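Please look at the sequence and the structure before reading on.

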Amino acid sequence: MADGFVGSGDPAYDAKVLMISVAARMAGMHPQTLRQYDRLGLVQAGRAAGGGRRYSVRDVVLLREVQRLSQDDGVNLAGIKRIIGLEQLLEQAQARLAEMEAELDAAYRRIAELEAMARFPGREIVPTTRTSTALVVWRPRRSTGH
């Protein structure tokens with residue numbers, strides 16, 4: 001919230017409600033620049049019922065990043081488009097990884113529940129080809145006193 005915007009977890013962050021003049025002013029750009037970026041696919045606006053462009057707070061943040069990359073780092077627009085695309089792919093991959101980690105945690109919890117319910121606690125449960133059965137591996141303890 002350093003920019004005074006709503007946070008990225010807020011649904012308003014992605015709402016395409018800002019008119020082009022407002023978004024341009026917030027990003028410190030001319031509206032024609034936003035139109036050009038939209039045509040190039042850098043920052044894609046939504047459309048109002050009458051056809052006017054609408055931007056979200058996320059779009060304004062992205063516009064500022066495009067401007068920073070262009071002016072401060074000297075990256076051309078094609079390079080910026082590639083950077084944006086790679087960042088989006090990374091975000092998607094990170095989200096999928098988080099989902100998979102949650103699924104893995106749930107699977108480990110389920111395994112622990114099944115092991116706790118086993119007829120022979122402390123023995124391994126080995127799945128067979130049927131999903132409703134389990135194989136209990138039993139190993140006799142060696143007697144050390146004989």
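How are helix 1 and helix 2 oriented to each other?

## Helix 1 and helix 2

The model is a predicted one. In it, helix 1 covers residues 20–27 and helix 2 covers residues 31–40. Their axes lie 8 Å apart, and the packing angle is about 100 degrees. Angles of 65 to 115 degrees count as roughly perpendicular, and helix 1 and helix 2 are therefore roughly perpendicular to each other.

On the side of helix 1, the contact is made by I20, A23 and A24. Helix 2 brings P31, L34 and R35 to this contact. Sorted by class, the contact of helix 1 with helix 2 has five nonpolar residues, one charged residue and no polar ones.

## Helix 1 and helix 3

Two packed helices are described by the angle between their axes and by the distance between the axes. For helix 1 and helix 3, the axes come within 9 Å and cross at roughly 50 degrees. This makes helix 1 oblique to helix 3. The crossing of these two helices is right-handed.

Which residues of helix 1 and helix 3 meet? From helix 1 they are A23, M26 and A27, and from helix 3 they are V60, L63, R64 and Q67. The contact of helix 1 with helix 3 has five nonpolar residues, one polar and one charged. A23 also takes part in the contact of helix 1 with helix 2.

## Helix 3 and helix 4

Helix 3 spans 57–71 and helix 4 spans 77–117. Their axes cross at roughly 135 degrees and come within 10 Å. Helix 3 and helix 4 are therefore oblique to each other. Helix 3 passes helix 4 in a right-handed crossing.

The contact involves L62, V66, L69 and S70 of helix 3, together with I80, I83 and I84 of helix 4. By class, six residues of the contact of helix 3 with helix 4 are nonpolar, one is polar and none is charged.

## The largest pocket

Rolling a probe the size of a water molecule over the atoms shows where empty space is left. The largest pocket holds about 410 Å³ of space. It is lined by 19 residues, and those closest to its centre are R58, L62, I84, Q88 and E91.

Which helix gives the most to the lining of the largest pocket? Helix 4 does, with six residues. Helix 3 and helix 4 each supply at least two residues of the lining. By class, the lining of the largest pocket has eight charged, six nonpolar and five polar residues.

Conventions: Residues are numbered from 1 along each chain as its sequence is written. This is a predicted model: local features need pLDDT of at least 70, side-chain atom pairs count only at pLDDT 80 or more; totals for chains, interfaces and linings use all residues. Side-chain values use heavy atoms; hydrogens and water are left out. Axes are lines fitted to C-alpha atoms, for helices over the stretch in contact, and angles run from 0 to 180 degrees between N-to-C directions. Helices (H or I, at least four residues) and strands (E, at least two) are DSSP runs, numbered from the N terminus. Angles under 35 degrees count as roughly parallel, over 145 as roughly antiparallel, 65 to 115 as roughly perpendicular and the rest as oblique. Contact means heavy atoms within 4.5 Å. Ala, Val, Leu, Ile, Met, Phe, Trp, Tyr, Cys and Pro count as nonpolar, Asp, Glu, Lys and Arg as charged, and the others, Gly among them, as polar. On a 1 Å grid over the protein atoms alone, a cavity is a set of points where a 1.4 Å probe fits but cannot get out, and a pocket is an open set with protein on both sides within 12 Å along at least five of seven lines; lining residues have an atom within 4 Å of a point. Grid points are joined across faces, edges and corners, and a volume is the space filled by probe spheres set on the points. A crossing is left-handed if the near helix is turned anticlockwise from the far one by less than a right angle, and right-handed if clockwise.
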